[in-house]
Amino acid sequence: MARKMTRRGMLATGAVAAPTLAALHEVVPHEGLHRALAGHGDGSAEAAMTHGGAGHGAMAASGIAMHDAFAGSVDLAANGFDPSELVRDFDQGRTSRLPDGRTLREWTIVAEDKEMEVAPGVTYPAWTYNGRIPGPTLRARQGERLRIRFVNSSDHPHTMHFHGIHPDFMDGMPGIGEGRGGGIIDNGDNFVYEFDAEPFGVHLYHCHAMPLAAHIAKGLYGAFIIDPAEGREPADELVMVMNGFDTDFDGENDIYAVNSIPFHYVENPIKVKRGELVRIYLVNALEYDPINSFHIHANFFDYYPTGTRLEPTEYTDTIVQGQAQRGVLELRFPYAGHFMFHAHKTEFAELGWLGFFEVEE
Ligand SMILES: [Cu+2]
């Protein structure tokens with residue numbers, strides 16, 4: 001393979017003959033795409049760009065074509081989590097009553113190193129919360145007292161940094177609170193984070209050890225939902241954490257997904273009922289790329305940024321999120337059938353951030 005090609009170039013020329021992602025890496029130098037985008041591409045890259053490989057019209061076809069390049073399946077059992085279950089898995093912890101009548105909600109979160117198959121045949125030395133990526137979707141109600149016992153069983157120091165409102169030494173920030181047992185949590189140590197559930201909305205937690213980008217990219221993040229005190233309208237609720245993996249450690253992502261496994265929801269569409277309210281808690285945990293996005297085909301949704309207000313700010317089919325931005329999407333599907341959703345960034349979709357809803361009667 002003498003000619004340098006981009007990932008996109010391979011799609012446009014049909015050069016992908018269902019190799020594994022690892023093989024794909026050997027023939028698709030990472031810098032190729034970025035050189036092409038910067039105007040330094042070679043002939044094949046430029047040809048690919050001008051022949052519509054990146055066009056929106058080619059999205060579905062190219063996304064599916066790229067899906068073929070990920071042929072095979074990931075050993076979900078070995079990974080220890082299935083995105084089809086994770087998408088509706090909300091961890092309410094265990095509750096008890098405090099003397100003042102408030103609810104105390106508690107979890108135990110263990111950081112551990114784990115080899116993870118992030119695409120067929122591609123293993124990744126991940127760092128996880130409770131053995132999964134994203135970590136458990138922690139769910140509480142506004143005003144409750146939350147207690148998270150964090151155990152660091154990884155070989156590296158980590159923290160849990162929650163987005164929310166709390167005292168400084170509960171912030172999981174290295175250099176703040178070590179005198180009270182907090183701050184950076186060394187391997188083998190543990191710490192109890194405790195604070196009130198405020199404000200309601202969809203938030204996230206992640207490790208804040210340095211170097212920050214590496215600690216997040218390795219898998220240490222999860223969704224953190226605080227329901228309004230009065231609750232929300234009953235709905236079929238889903239959690240989608242947009243993420244990716246830099247499998248060759250060059251500071252750029254090689255695969256993209258919601259809930260970690262590229263194209264998982266193409267092979268296993270998310271089943272929903274026609275006419276039923278669907279609520280998506282969407283979180284962008286993607287490291288290295290400045291923006292991510294979500295687009296639904298043939299439908300529109302109400303969007304509640306950060307989920308902190310009960311009135312939507314937008315009725316749309318596409319939203320953009322920077323890292324750590326998140327929001328609540330509400331929609332109903334008026335038609336039965338298959339409806340695609342994906343990052344409205346072609347490169348991300350082609351490299352795994354693409355799925356389907358299967359709407360049933
Ligand atoms: Cu960490």
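## Tour: sheet, enclosed strand, copper site

Select Leu282 first: its bridge partner in β19 is Gly327. Strands here are DSSP E runs of at least two residues, and helices are H or I runs of at least four, numbered from the N terminus. This is a predicted model, where local features need pLDDT of at least 70, side-chain atom pairs count only at pLDDT 80 or more, and totals for chains, interfaces and linings use all residues. Residues are numbered from 1 along each chain as its sequence is written, and side-chain values use heavy atoms, without hydrogens and water.

Now show β14 (278–284) and β19 (326–331). They run antiparallel, joined by 6 bridges. Two strands pair if DSSP finds at least two bridges between them.

Widen to the open sheet of 6 strands, with mixed pairing: β12-β11-β14-β19-β16-β17. β12 (255–258) and β17 (314–316) are the edge strands, each pairing on one side only.

Next, select β15 (291–296). Of its 6 residues, 5 are buried, so the strand is largely enclosed by the rest of the structure. Buried means under 20% relative accessible area, exposed over 50%, partly exposed in between (1.4 Å probe, protein chains only). β15 runs antiparallel to β18 (318–322), with 5 bridges; Ile291 stands opposite Gly322. With β20 (337–342), β15 has 2 bridges, again antiparallel. Ile296 is partnered there by Phe341.

Finish at the copper ion. His158 (ND1), Cys207 (SG) and His215 (ND1) coordinate it at 1.9 to 2.0 Å. Donors are N, O and S atoms within 2.8 Å of the metal (3.2 Å for Na, K and Ca); water is not among the atoms, so sites may look incomplete. Both His158 and Cys207 are buried.
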